[in-house]
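The following note sets out points on the two-chain model for the attention of a colleague.

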Amino acid sequence: MNDIEEAKLIKLSQQGSVESFNTLIERYRKETLNIAFRMLGNLPDAEDVCQTAWLSAWQSIKKFRGGSFRAWIFCIVSNACRDEFRKRKRKRTMETTLTDCLEPSADCCIDDMVLTREKVEAVQKALLQLPYKQCLAVILRVYGDLNYEEISRVMHCPSGTVKSRLNRGLHRLRDLLQNGKCL
Amino acid sequence: MKTGVKCFYKTECSKTREQLTSYIDGELGDKEQSQLELHLESCRSCREEYNSLRQTVSLLQQMPEVSSERTFRIDEKNVAQKTGDRNLLVLYRAAVGVAIILALVCIGDFGHLFTPSGDTSLGGYSWLIRGAESGLFVVLIALGSRILVHLLRRRKR
């Protein structure tokens with residue numbers, strides 16, 4: 001799906017077409033789920049957060065004024081993650097191990113020892129140990145593939161703040177991984 | 001002079017370290033990028049720092065994706081339910097607001113704020129009767145709003 005097709009689907013969704021909106025969901029389903037999972041460390045919660053986020057996206061699609069739909073939906077998902085995070089009283093724990101819910105195609109990657117299961121879990125655990133805002137910045141950059149400008153819009157902060165959050169987050173992550181002998 | 005050189009390198013290194021993430025993400029301008037690359041060539045510790053951060057990013061990128069059987073598709077049913085829930089919430093909040101205002105009025109009445117002084121038509125137990133009246137009124141309003149919300153919710157389902 002190219003950008004023109006996406007713009008058409010957004011327009012149709014704004015006119016009330018549920019089917020067009022479902023095509024958009026299908027396009028971003030995996031990415032939104034992965035972002036929520038990496039933020040929360042728990043698959044059932046990540047699924048619920050995504051469902052809530054897509055429902056509120058549908059309700060506010062008319063307010064979408066153009067620009068990057070990807071950044072817009074990630075903003076809604078990150079807000080839903082923040083609400084879930086507050087509901088859990090600021091605890092982010094790894095209740096589902098990542099290796100329990102991997103993509104079937106990812107198994108070969110693990111079996112080939114590109115990444116060992118222990119390493120995969122150590123990385124996920126290290127991500128959850130980061131302060132919330134640093135974690136969100138790192139996840140949006142690495143897994144959401146957003147640039148600094150887009151991240152600043154998602155996180156409602158200046159681009160300089162994004163830079164420092166990413167820098168501090170990555171340094172901290174590196175230290176955690178080095179301590180866990182993953183690097 | 002020696003201290004000056006040391007100081008210069010320290011500033012240069014800390015500046016470089018602050019920019020390493022932006023460099024890895026390709027978010028540095030051309031001039032800053034070439035300055036940083038020049039520094040990396042000459043400074044071993046910054047190069048090591050850069051390599052460790054690069055490895056961290058690469059490890060993050062290699063992480064496998066999670067999958068789920070849930071489609072998150074929107075259908076008319078869950079859209080209607082969500083809108084209905086929101087309307088009920090608004091209604092419930094309005095009912096609670098009205099109940100609070102009426103409760104305040106009743107409490108004021110209980111404290112004889114709305115009664116002209118010297119009204120003794122209810123005898124010596126007027127405060128007791130007014131209090132019981134006000135309490136009953138508040139309980140009835142709270143119960144009524146709760147029942148109304150419950151009935152509307154059942155009807156929606």
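1. Chain B. The secondary structure of chain B consists of 5 helices and 0 strands, where helices (H or I, at least four residues) and strands (E, at least two) are DSSP runs numbered from the N terminus. From the N terminus on, the elements read α-α-α-α-α. Of the 157 residues in chain B, 11% count as buried. A residue is buried if 20 or more other C-beta atoms lie within 10 Å of its own, exposed if 12 or fewer, and partly exposed in between, with C-beta atoms placed from the backbone.

2. Basis of the model. This is a predicted model, in which local features need pLDDT of at least 70 and side-chain atom pairs count only at pLDDT 80 or more, while totals for chains, interfaces and linings use all residues. Residues are numbered from 1 along each chain as its sequence is written, and chains are lettered from A and ligands numbered from 1 in the order in which they are written.

3. Contacts within chain B. Among contacts between residues at least 6 apart in sequence, 68% join residues at least 24 apart in chain B; two residues are in contact if their C-beta atoms, placed from the backbone, lie within 7 Å. Val139(B) belongs to helix α5 (residues 126–156) of chain B. Val139(B) counts as exposed because it has 12 C-beta neighbours inside 10 Å.

4. The nonpolar core. In soluble globular proteins, nonpolar side chains tend to be buried together. A nonpolar core is a set of buried Ala, Val, Leu, Ile, Met, Phe, Trp, Tyr and Cys residues joined through C-beta atoms within 7 Å. The largest one has 61 residues, and those with the most contacts inside it are Ala36(A), Val49(A), Cys50(A), Val77(A), Val123(A), Val138(A) and Ile139(A). At least two residues of this core are supplied by each of α2, α3, α4, α6, α7, α8 and α9 of chain A together with α3 (44–62) of chain B. The most comes from α2(A), with 10 residues. Leaving out residues up to four places away in sequence, Ile139(A) touches Ile35(A), Arg38(A), Met39(A) and Gly144(A).

5. Packing of α3(A) on α4(A). The axes of α3(A) and helix α4 (residues 69–87) of chain A come within 9 Å and cross at roughly 130°. Axes are lines fitted to C-alpha atoms, for helices over the stretch in contact, and angles run from 0 to 180 degrees between N-to-C directions. The two helices, α3(A) and α4(A), are therefore oblique to each other; angles under 35 degrees count as roughly parallel, over 145 as roughly antiparallel, 65 to 115 as roughly perpendicular and the rest as oblique. The residues of the contact of α3(A) with α4(A) comprise 9 nonpolar, 2 polar and 2 charged. Ala57(A), in helix α3 of chain A, is buried, with 25 other C-beta atoms within 10 Å. Apart from its neighbours within four places in sequence, Ala57(A) is in contact with Ile73(A) and Ile76(A).

6. Packing of α6(A) on α9(A). The axes of α6(A) and α9(A) come within 10 Å and cross at roughly 135°. These helices, α6(A) and α9(A), are therefore oblique to each other. Their contact is made by Ala122(A), Val123(A), Ala126(A) and Gln129(A) of α6(A) and Leu173(A), Leu176(A) and Leu177(A) of α9(A).

7. Backbone points to inspect. Most residues other than glycine have a negative phi. Asp145(A), not a glycine, has a positive phi of about 55° and is found in the loop between α7 and α8 (148–155) of chain A. His156(A) also has a positive phi, near 55°, and lies in the loop between α8 and α9 of chain A.

Methods: Nonpolar A, V, L, I, M, F, W, Y, C, P; charged D, E, K, R; others polar.
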